[in-house]
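My notes are below, in the order I made them.

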Amino acid sequence: MPPNMLAHHFNQHRWGLWVLLAGVVFQPLFAAEPRTISIDPQAMGLDLPAGAIRPGAKTDLVTTNDAENRPVVGRVHAWIGRSAVILLPDGELVTRKAGEFDPTERPFKPVTCETLAKELTSGEFKGFRSRVTKHFVFIYNTSEEFAKATSTILETMLPGVTQYATAQKIDVHDPEMPLVVVMFATDEEFQKYRRMPEGVVAYYHTLSNRVFMYERGKLFEQRPDLAIGESISTIAHEGAHQILHNIGVQQRLSLWPMWLSEGLAEFYAPTSVGSRLRWKGAGQVNDLRMFELEQYVKSNSAKKPDGRMIEHTVLAGRLTSTGYATSWALTHYLARNRRAEFNAFVKSCSQIGPLQAWGELVPPGIVQENWTNFNAVFADPPADMELKLLGHLGKQPYTDPFKDYPHFVATLVAGDARRPVQRIGTFHSPALAQKWLTETTDGLPAEIRGSAKSQVKMFPNRAQAEAWAAQAGR
């Protein structure tokens with residue numbers, strides 16, 4: 001995937017932020033200023049030559065042509081030497097080399113939601129319907145139910161996210177441009193518009209400033225309830241990226257630490273499914289991520305926390321599915337238990353400018369400065385923090401989204417009749433159950449390891465599996 005495709009795959013840099021400690025004493029967030037680097041525009045998929053990078057100003061107004069070759073007034077989002085990334089009235093960012101734009105004193109006027117909806121449905125998305133709300137333009141050929149649920153969730157999210165960011169002392173504002181969300185009826189149409197990796201159901205495209213998604217894929221044919229739940233969760237996640245990039249929290253084309261960029265989107269994106277598809281609110285428990293973490297914790301329960309989970313999460317320049325879950329967990333823990341430092345850390349990241357980052361991605365896909373800067377603020381030993389994080393997660397209530405699916409109870413018995421050792425665990429898949437049995441057996445004292453006997457029993461749902469496990473454990 002080209003690096004400019006997803007905002008969360010990439011973020012004027014000014015420090016001097018202060019944190020209030022003990023109510024009266026101020027001291028710097030960082031003891032030493034984090035190293036900020038400029039990103040090669042070619043590496044971000046921008047067809048511009050390398051040059052000195054500096055952010056544009058509100059007064060850097062220019063005339064250029066849009067995609068239809070019509071003259072428009074734009075605003076420079078970032079300068080790259082004598083070239084520029086220019087913000088157009090519809091919210092799109094375009095690249096222009098020297099000579100392809102001229103300074104102007106004419107005002108910059110963002111397009112209205114109504115005008116943009118008409119342009120899109122009569123041009124690029126001819127035949128699609130539109131739904132216009134206060135901040136969004138929804139362009140769709142999906143079912144009305146899907147379009148309505150999506151619009152309700154995203155329009156509800158925006159003021160909630162803005163309110164939370166305001167409490168973090170970040171200078172936020174209403175979106176300047178209409179926020180466009182394009183919804184395709186099927187995966188095939190979605191892929192025909194722009195080829196995406198297998199399994200992607202929605203994404204935020206940072207250059208066009210649009211979210212793209214689809215309603216019906218292969219999973220929808222097999223389990224429509226599960227498909228809708230996963231789609232709504234992903235839509236909220238990508239909608240969070242779009243909102244954060246348009247209210248002043250995250251600057252477009254800036255590169256944040258991946259754990260925070262994705263963890264914050266997950267923090268803002270919890271939804272409920274079933275009879276009521278709705279946004280649950282900033283910082284509420286994310287059921288899908290909690291489920292994945294529960295399985296992850298169970299499968300690693302034979303190991304003592306050593307801090308590697310936190311270290312790997314913070315260092316990562318790219319995330320696996322488990323990485324998204326641990327990023328959410330770390331964000332949730334810090335936002336609840338280290339609020340002052342966390343809020344100041346987010347505010348400092350909001351100053352990272354276009355085509356700038358705190359450090360570079362190096363093999364095997366890590367950013368070392370992420371770990372350095374994290375430790376400068378959250379100084380707990382990683383193993384101690386991981387233990388506290390796991391305790392925090394254990395206190396969070398959530399609804400298992402797969403509770404009606406088959407579950408597997410793994411039982412391990414070792415030792416003799418005088419000193420029996422028994423371990424029982426409940427899992428969503430037989431593979432996780434077997435992994436847990438292997439690691440738990442390996443963790444037994446050497447003198448009884450050879451006597452270990454195990455079994456895995458399948459039950460039609462979680463409730464029955466847990467009931468049997470509770471009875472067997474007595």
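**Ground rules.** I am working with a predicted model, where local features need pLDDT of at least 70, side-chain atom pairs count only at pLDDT 80 or more, and totals for chains, interfaces and linings use all residues. Residues are numbered from 1 along each chain as its sequence is written, and side-chain values use heavy atoms, with hydrogens and water left out.

**Cysteines.** How many disulfides does a search of the whole structure find? I got zero, taking a disulfide as a pair of cysteine sulfur atoms within 2.5 Å. I then looked up burial, where buried means under 20% relative accessible area, exposed over 50%, and partly exposed in between (1.4 Å probe, protein chains only). Cysteine 113 counts as buried because its relative accessibility is 11%. Cysteine 349 is also buried, at 0%.

**Salt bridges.** My rule here was a side-chain nitrogen of Lys or Arg within 4 Å of a carboxyl oxygen of Asp or Glu. The count came to 11 salt bridges. Why look for such pairs? Side chains of opposite charge can pair when their charged atoms come close.

I started with arginine 131 and glutamate 144, whose side chains meet in a salt bridge at 3.4 Å, N to O. Arginine 131 sits in strand β10 (residues 129–132) and glutamate 144 in helix α2 (residues 144–167), so this pair ties together parts that are 13 residues apart in sequence. Arginine 131 is partly exposed at 25% relative accessible area, and glutamate 144 is partly exposed at 35%.

Next came arginine 289 and glutamate 266, which form a salt bridge at 2.6 Å, N to O. This pair links distant parts of the chain, with arginine 289 in helix α7 (residues 287–299) and glutamate 266 in helix α6 (residues 258–268), 23 residues apart. Are these two buried or exposed? Both arginine 289 and glutamate 266 are buried.

I also noted aspartate 306 with arginine 308, a salt bridge whose closest N and O atoms are 3.4 Å apart. Aspartate 306 is partly exposed at 43%, while arginine 308 is exposed at 53%.

**A serine.** Serine 122 belongs to helix α1 (residues 113–122). Serine 122 counts as exposed, because its relative accessibility is 53%. A polar atom of its side chain lies 3.3 Å from the backbone oxygen of glutamate 119.

**The sheet with β10.** Coming back to β10, I found an open sheet of five strands in the order β10-β11-β12-β14-β13, with mixed pairing. Strands pair if DSSP finds at least two bridges between them. The edges are β10 and β13 (202–205); each has a single partner strand, so one side of each is left without a neighbour in the sheet. From one strand to the next, the twist averages 20 degrees; axes are lines fitted to C-alpha atoms, for helices over the stretch in contact, and angles run from 0 to 180 degrees between N-to-C directions.

β10 pairs with strand β11 (residues 136–140) in the antiparallel sense over four bridges. Serine 130 has isoleucine 139 as its bridge partner in β11. Helix α2 packs on this sheet, touching β10, β11, β12 (179–186) and β14 (210–216), where contact means heavy atoms within 4.5 Å. The direction of α2 makes about 160 degrees with that of β11.

Technical notes: Helix = DSSP H or I, 4+ residues; strand = E, 2+ residues; numbered from the N terminus. Polar contact = N/O pair within 3.5 Å; in protein donor to acceptor, adjacent residues only side chain to side chain.
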